Amino acid sequence: MDYVDVLIVGAGPVGLIMALQLAKFGVSVRIIEKHRKSTQDAYGRAITLFPRTVEMLDQLGLAEELLRNCFACRDTVTYDSQGEEVSGRGWNFMNNMKGTVFDFALVLRQKFQEEIYRNALFEYGVAVETPIELLTAKVNHNIPVADYKVSAEIYSHSSGRYRTVMCRYLIGCDGGHSSVRRIFNIPFEGSISEDKWVRIDGQVKTDMPKPRSYCSIESPTHGNVLWAALDHGATRIGYAFTDNQANAYPKFDEAAAIKEAIAAVKPFNIEFERVDWWTIYTVGQRIAKDFFVHDCIFLAGDACHTHSSGAAQGVNTGIHDAVNLAWKLCLVLREAARPSLLKTYEAERRPNVEKLIQYDKDISRLINNRLPEKWEGDPGADVNVVLGQLLDEAGNFNSGLGISYGIRTDNPLNVKSLSYDLPPFPGTRGPDITLLRPGTFERTRLIRELPNEASFSILVFATDNTPAIPEEVHEGILFSPVLHNLTAKGRLKSITILPNRAPSPYEVLGRDPLGRAYFDDKDEKGGNAYLRYKIDPAEGAMVVLRPDGWIGTVVALRAGAAMELDQYFMDIFSDL
């Protein structure tokens, strides 16, 4: 019998990112995968990481390797059925992904993504165990929460051996056919449509004017066709596949997929030099009734929500799940936070997933040249125009930069301050800002200075007054037992940001800064940090960032600030 804190089932991107974080945070973790993936299987599936996803991966030290291997796609184009370029349609929203250094689509096939994640995980001494299948699992409700409540029976297809693994938490990252979801009888609600889509990757020759782009071709026969430039010079073509087209083939094989791809991109011509991977699948939208059951079983990624690839959100949504959950699980396992904190995982992720599911239903119909089911506009509207408008309206959500977590009385993580009711608002993304290091004024980015280590951060935006930080605020924070305790345990970091350059932070503050100090980058569009966080330099403020980079609360620089911060953290941490 084996013991481990967390057993993860499924070693796709979501399972790997979940395992990597937990291993990085010092949690004992095992990750098992039922299948040995063939070369063809490994090439396909997810390809696109949007800006907020890349920011989160950057906080985990993964962005540099991803960037080194990816195709950084900054160009989009849409062609109508005559091959004429049209503006404001298709993937146009990608041209407006601003406010981040990652203002492009990071395109890298899942095969290469997973290799990077596995190598990073292996640096922490954790390897994917395959081919190992979860056969069954059960929860002992007589054992306290956060103890070894789960017994999982696993089977090695290579050795033929059965093992029992006792774990505190079990996480199903095992896809749309999740064994974890099935074992615990969690309903998978939603529907599967009759629509089928084909995706085919490979090396192509073409006369299309802008082939190395994210492209839409408005085909009257194959729907709104996806053309995506991939890493390593490859291309993905995706198209709708109707029953009429299916009836033309006794068997739909690779040759048929190629033939239909050639027809789908008309009036342009293509020739496949090589096919890496292809698939045909049925479009549907489903969501698990529960993401978290029995106080110890989680679902993440496709195991708890599936949808089409129409908006390229699948792997992005799953990584959001993983990043939202891992640090919370770490704090509970360290006995630093109450187990009730884990309930915020579903409370925060479900509303965003439900929004995506509804949005995906509309996109899927539009890609198949049909108006949305609940469409109330002109029945003769051009589906391609409507699709472009829908993608543009949801652009901030698609990029991930606009994903937010609501303020709820049962969620201690996102708290509206009594002293500060201006933006930035709790539950929204903390912008990645350009800062200047003291002395050299060398540029750096907030994300690089605050890697995700399952710790909170306080950004102290000093004023341009004298003193830059009111004495009662500085003293209150400096001598707060709560903040001191958290800092000493590595659960809290502080950064002081100063609005103007100076020979040293001490010259401005008249004392040592709270944590490390940086200057605002005034040359970056007229003032980056204060502008991006919407903070008046005459007033200043303190912004609490959660470990995942979302804003927890904002507190005014005035008397009582330390007490307000103390209360925020005391509602989260249990060992103060």
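Predicted model: local features only at pLDDT ≥ 70, side-chain atom pairs only at ≥ 80, totals over all residues.
**Notebook: a sheet and a helix pair**

I started in β20, where T444 is the bridge partner of L435. Residues are numbered from 1 along each chain as its sequence is written, and side-chain values use heavy atoms, with hydrogens and water left out.

Next I looked at the strands around that bridge. Strand β19 (residues 434–436) runs antiparallel to β20, and three bridges join them. Strands here are DSSP runs of E, at least two residues, and helices are runs of H or I, at least four residues, numbered from the N terminus; two strands pair if DSSP finds at least two bridges between them.

I then traced the open sheet: seven strands, mixed pairing, order β20-β19-β23-β22-β21-β24-β25. β20 (443–445) and β25 (551–555) are the edge strands, each pairing on one side only. From one strand to the next the twist averages 35°.

Then I turned to the helices. α3 (residues 51–59) packs against α9 (residues 314–333) at about 40°, axes 10 Å apart. Axes are lines fitted to C-alpha atoms, for helices over the stretch in contact, and angles run from 0 to 180 degrees between N-to-C directions. α3 and α9 are therefore oblique to each other (under 35 degrees is roughly parallel, over 145 roughly antiparallel, 65 to 115 roughly perpendicular, the rest oblique).

I listed the contact (heavy atoms within 4.5 Å): R52, T53, M56 and L57 of α3 with N316, I319, H320 and V323 of α9.
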